[in-house]
Amino acid sequence: GEIRCSGDTIVIGLAADSGCGKSTFMRRLTSVFGGAAEPPKGGNPDSNTLISDTTTVICLDDYHSLDRTGRKVEGVTALDPRANNFDLMYEQVKALKDGIAVDKPIYNHVSGLLDPPELIKPPKILVIEGLHPMYDQRVRDLLDFSIYLDISNDVKFAWKIQRDMAERGHSLESIKASIEARKPDFDAYIDPQKQYADAVIEVLPTQLIPDDNEGKVLRVKLIMKEGVKYFSPVYLFDEGSTVSWIPCGRKLTCSYPGIKFAYGPDTYYDHEVSVLEMDGQFDRLDELIYVESHLSNISTKFYGEITQQMLKHSDFPGSNNGTGLFQTIVGLKIRDLFEQITASKASATLEATKA
Ligand code: ADP
Ligand code: G6P
């Protein structure tokens, strides 16, 4: 039978290539929402789903229509739309948004096979993360908010080397080859989705060190679309102005190469946007409060909430730079969006009862 709830689920899309920090972002996001999300209890141990009191995160790899062998036989990558079932993705995200539970398939990343489905109940906040949350227009239209993690090739390469060489024992050559092999499909099917995102976190090599190729110090941009309902961009000092700010000095300790912020209006794929940028990294996370106190519209519930979140998860990758800072800020903006949508539905219901 159908499990029908109130139909108040809001849907968030998070797009990025794999190995680009989606799971780290998810951990920051669910922490802002008030509780770590965990794999479903008593289910398939290879489930990709994460569940907390408020939030369910589903991995869109579960909508692979071709398993690993199928992809080999057909000669398509996981990035190729032909390896994914967008009809089912649409039906199930729509059902969850309408308050109806679904039997979602499981793509088993260990075996490369499709496992028997798991029951997903409609949560308050549904996050769909993966390669294609904004690819299919029907799915895209269901999203209340969308985010794209845009990791530049140089940085992606540095991260992959760190992980695949250190943890998985791959050679430099094989890592290069696998990135090159993915690139055409990445460019064709994944990258174009960023034009639809309400917020983009762009990660680039630093400009503070001439000819840096280490990829350790990062320049990170938070690109926020203007005119999105329930989302009002963060700003530095004065909304709509153009600002360049070096916070280092008496109140913020910076070692080489320092920290530089920038803020201002811009256009992105013909959309008006506000862009906040941070180049460099923090020496002392507790001093982040100095930066936080100069940012406005951050949707915190108390003074210093960003700094508190960053300190709480200082062990996550990117905590000392703009990736962690901007992921935390986006988390706060999504919490705000959720609360506004819920409040507006509640008042609409109240109006309807009065009438
Ligand atoms: P995904 O879920 O997209 O596959 P993860 O969040 O698991 O990505 O991150 C994959 C790897 O990338 C991490 O183990 C880490 O080495 C690196 N990484 C992710 N985010 C960052 C970051 N902000 N700064 C530095 N390295 C990062
Ligand atoms: C992407 C997908 C995964 C897939 C992987 C490798 O990262 O997100 O679902 O497993 O590519 O694909 P392969 O065909 O080599 O298993």
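User: Hi! Which atom of ligand 1 is 3.4 Å from an N or O atom in the side chain of W159?

Analyst: Hello! That is a nitrogen atom of ligand 1. Keep in mind that this is a predicted model.

User: How much of ligand 1 does the protein bury?

Analyst: The protein buries 80% of the 560 Å² that ligand 1 exposes when taken alone.

User: And how many residues surround it?

Analyst: Ligand 1 is surrounded by 14 residues, and the closest are G19, K22, S23, T24 and T323. Sorted by class, that shell holds eight polar, three nonpolar and three charged residues. Helix 1 (22-32) and helix 5 (153-166) are the elements that give two or more residues to it.

User: Why does ligand 1 lie between domain 1 and domain 2?

Analyst: Because residues of the shell come from both domain 1 (1-148) and domain 2 (198-339), ligand 1 lies between them.

User: Nice. Let's stay with the domains. How far apart are their centres?

Analyst: Taken over C-alpha atoms, the centres of domain 1 and domain 2 are 27 Å apart. As for contacts, 18 residues of domain 1 touch 23 residues of domain 2.

User: How much area is buried between them?

Analyst: About 1900 Å², with carbon and sulfur atoms giving 67% of it. On the domain 1 side, the residues losing the most area to domain 2 are R28, V32 and F145, which together account for 39% of what that side buries.

User: Switching to ligand 2: which residues are around it?

Analyst: You'll find S18, D61, H64, R68, R71, A78, Y107, H109, L131 and R182 around ligand 2. That shell divides into four charged, three polar and three nonpolar residues.

User: What are the distances for S18, R68 and R182?

Analyst: A polar side-chain atom of S18 is 2.7 Å from an oxygen atom of ligand 2. For R68, an N or O atom of the side chain is 2.8 Å from a ligand 2 oxygen atom. With R182, a side-chain N or O atom is 3.3 Å from an oxygen atom of the ligand. Of the 380 Å² of accessible area that ligand 2 has on its own, the protein covers 70%.

User: Last topic, the backbone. Where is the cis peptide bond?

Analyst: It joins Y256 and P257, with omega at about 0°. P257 belongs to the loop between strand 11 (243-245) and strand 12 (259-268).

User: What about Y230, is its phi positive or negative?

Analyst: Positive, about 70°, although Y230 is not a glycine.

Methods:
Residues are numbered from 1 along each chain as its sequence is written. Chains are lettered from A and ligands numbered from 1 in the order in which they are written. Side-chain values use heavy atoms; hydrogens and water are left out. A residue is near a molecule or strand if one of its heavy atoms lies within 4 Å of it. A polar contact is a pair of N or O atoms within 3.5 Å; within protein, one must be able to donate a hydrogen and the other to accept it, and residues adjacent in sequence count only if both atoms are side-chain atoms. Accessible areas come from the Shrake-Rupley method with a 1.4 Å probe; for residues, only the protein chains shown count as cover. Helices (H or I, at least four residues) and strands (E, at least two) are DSSP runs, numbered from the N terminus. Ala, Val, Leu, Ile, Met, Phe, Trp, Tyr, Cys and Pro count as nonpolar, Asp, Glu, Lys and Arg as charged, and the others, Gly among them, as polar. Domain bounds come from an automatic or database domain assignment. Contact means heavy atoms within 4.5 Å. Buried area is the accessible area (1.4 Å probe) that two parts lose on being put together, summed over both.
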